[in-house]
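Q: I am new to this structure. Please show me how to read a few of its features.

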Amino acid sequence: IDDPHGILLLLDSVQDPQNLGSILRTAAFFDVKGIVLPQDRSVSVTPAVLRTSAGGAARVPVAQVTNLARTVRSLQERGVFVAGAAAHGSMGLQGLPVRGPLALVLGAEGTGLRRLVAASCDALVTIVSPGDFESLNVGVAAGILLHAARARMSEVPQ
């Protein structure tokens, strides 16, 4: 990513078309530069995804890669900070960087990030629940993370 405030989303094995469509719509709203999906164990852009995205699929490029962990390492080599979403991460949303570029990695419905993908991230971030319920839908989590990332980046003068 060349944009110092650019954000990418990497989706690790998200399989529900409604979730991908929702994430595409949210990504368009937050000016995400692209979404990266693994070729295997992942939903692709289907007619159901297109309908749910409400035009987001036309605005946010989607790429498929063979190995998501290798893609994470490649992004890091280019100076991209990679934060994975996890139920029990090492930092809260306030730990997201104030400068980009940034890649946010979200895991599959139910199982979260795969072990090698999680281990490849620079940090694991947690959306802390004010109650005792620790699970969110991946589309909702994407929206919260994107909002937090944009808010953090707006804290620093351009």
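A: We start with a definition. A salt bridge is a side-chain nitrogen of Lys or Arg within 4 Å of a carboxyl oxygen of Asp or Glu. Note that this is a predicted model: local features need pLDDT of at least 70, side-chain atom pairs count only at pLDDT 80 or more, and totals for chains, interfaces and linings use all residues. Residues are numbered from 1 along each chain as its sequence is written, and side-chain values use heavy atoms, with hydrogens and water left out.

Q: How many salt bridges does the structure hold?

A: In general, side chains of opposite charge can pair when their charged atoms come close. Here there are two salt bridges. One joins the side chains of aspartate 12 and arginine 114, at 2.6 Å from N to O. Aspartate 12 lies in strand E1 (residues 7–12), and arginine 114 in the loop between strand E5 (102–107) and helix H5 (115–120), so the pair ties together parts that are 102 residues apart in sequence. Helices (H or I, at least four residues) and strands (E, at least two) are DSSP runs, numbered from the N terminus. The other salt bridge links lysine 33 and aspartate 31, at 3.1 Å from N to O.

Q: Is aspartate 12 buried or exposed?

A: Buried means under 20% relative accessible area, exposed over 50%, and partly exposed in between (1.4 Å probe, protein chains only). Aspartate 12 has 0% relative accessibility, so it counts as buried. Aspartate 31 is partly exposed at 44%.

Q: Which residues cover the two faces of E2?

A: In a regular strand the side chains alternate between the two faces of the sheet. On one side of E2 sit Gly34, Val36 and Pro38; on the other sit Ile35 and Leu37; all are buried. Five of the five residues of strand E2 (residues 34–38) are buried, so the strand is largely enclosed by the rest of the structure.

Q: Which strands does E2 pair with?

A: Two strands pair if DSSP finds at least two bridges between them. E1 and E2 run parallel, joined by three bridges. Leucine 9 stands opposite isoleucine 35 in E2. E2 also runs parallel to strand E3 (residues 62–65), with four bridges. There, proline 38 has valine 65 in E3 as its bridge partner.
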